[in-house]
Amino acid sequence: RNGTLQKMEEDRKTFIDMLGPGVIALIFYAGHGFMINGSNCMIPVDFDPSKSEAVSLDRTLQCMEEKKTRVNIGIADACREVLDLGVSGFTPPPPPADSILIFATSAGSPASDGSSNGLFTHHLIKALQLPRKLHECMMITKRNVRTASNGKQVPNVSDSLTVDVTL
């Protein structure tokens, strides 16, 4: 929560070190997201735009795949618009094998922050209250976010799953 660059990198390494064959791995990020040097990045609280140092979501997903996990789930509740720093928001990388990447909004768009959770996270939590297949949860979440935002926010899902995942 509100991590510095050092803390986020340490947490990422700890997470990756826990993974192995057969594991269903899930990374959830809520915060600011930028494209820096062509990589989707999670922005730490001590972000310095002049240094462009952040935690690469793309590299994290690549590490997850390298651990030969069974399924990788990446969820980002972050804006995907062009920001004042002159860099664009999250852009979905091609998903690794047996992975699903879920973004709170479509490319080029802002994500509503809400009061305690963002609009996307709020509806995702509601969709996860009952055991459902992941694709069904995402369809419910996308529909509810689009409705609640009057069509201004539409979550984006990119996947290469070849197995059903129930949450």
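**Entry on the strands.** I began with β2 and strand β3 (residues 39-42), which pair in the antiparallel sense over four bridges. A reminder to myself that this is a predicted model. Looking for who faces whom, I found G33 opposite M42 in β3, and F34 opposite C41 in β3.

Next I wanted the whole sheet. It is open and has three strands in the order β2-β3-β4, with antiparallel pairing. Why is one side of β2 and of β4 left without a neighbour in the sheet? Both β2 (33-36) and β4 (55-56) stand at the edges with a single partner strand each, so one side of each has no neighbour there.

I then checked the faces of β2, and both are covered. G33 and M35 are buried on one side, and F34 and I36 are buried on the other.

**Entry on the cores.** Which residues have the most contacts inside the largest nonpolar core? I noted F15, I27, I36, M42, I43 and M64, in a core that has 23 residues. The elements that give two or more residues to this core are α1 (5-18), β1 (24-30), β2, β3, α2 (57-66) and β6 (99-103). A second, separate core has 18 residues, and I100, L124, I140 and V145 are included in it.

I went back to F15 to list its contacts. Leaving aside neighbours within four places in sequence, F15 is in contact with A25, L26, I27 and M64. I27 and M64 were already on my list of residues with the most contacts inside the largest core.

**Entry on the salt bridges.** How many salt bridges are there? The count comes to six, and I looked up three of them.

E9 has a relative accessible area of 30%, so I wrote it down as partly exposed.

Helix α1 also holds K13 and D17, four residues apart, about one turn of the helix. Their side chains meet in a salt bridge, 2.8 Å from N to O. D17 is partly exposed, at 47% relative accessibility.

My last pair was R59 and E66, a salt bridge with the closest N and O atoms 3.4 Å apart. Here I looked up both partners: R59 is partly exposed at 34% relative accessibility, and E66 is partly exposed at 48%.

**Entry on R132.** Is R132 buried or exposed? I located R132 in the loop between α3 (119-127) and α4 (134-148). At 19% relative accessibility R132 counts as buried, because the cut-off for buried is under 20%. I also listed what R132 touches, not counting residues up to four places away in sequence: K126, A127, C137, I140, V165, T166 and L167.

Note on methods
Residues are numbered from 1 along each chain as its sequence is written. This is a predicted model: local features need pLDDT of at least 70, side-chain atom pairs count only at pLDDT 80 or more; totals for chains, interfaces and linings use all residues. Side-chain values use heavy atoms; hydrogens and water are left out. Two strands pair if DSSP finds at least two bridges between them. A nonpolar core is a set of buried Ala, Val, Leu, Ile, Met, Phe, Trp, Tyr and Cys residues joined through side-chain atoms within 4.5 Å. Buried means under 20% relative accessible area, exposed over 50%, partly exposed in between (1.4 Å probe, protein chains only). Contact means heavy atoms within 4.5 Å. A salt bridge is a side-chain nitrogen of Lys or Arg within 4 Å of a carboxyl oxygen of Asp or Glu.
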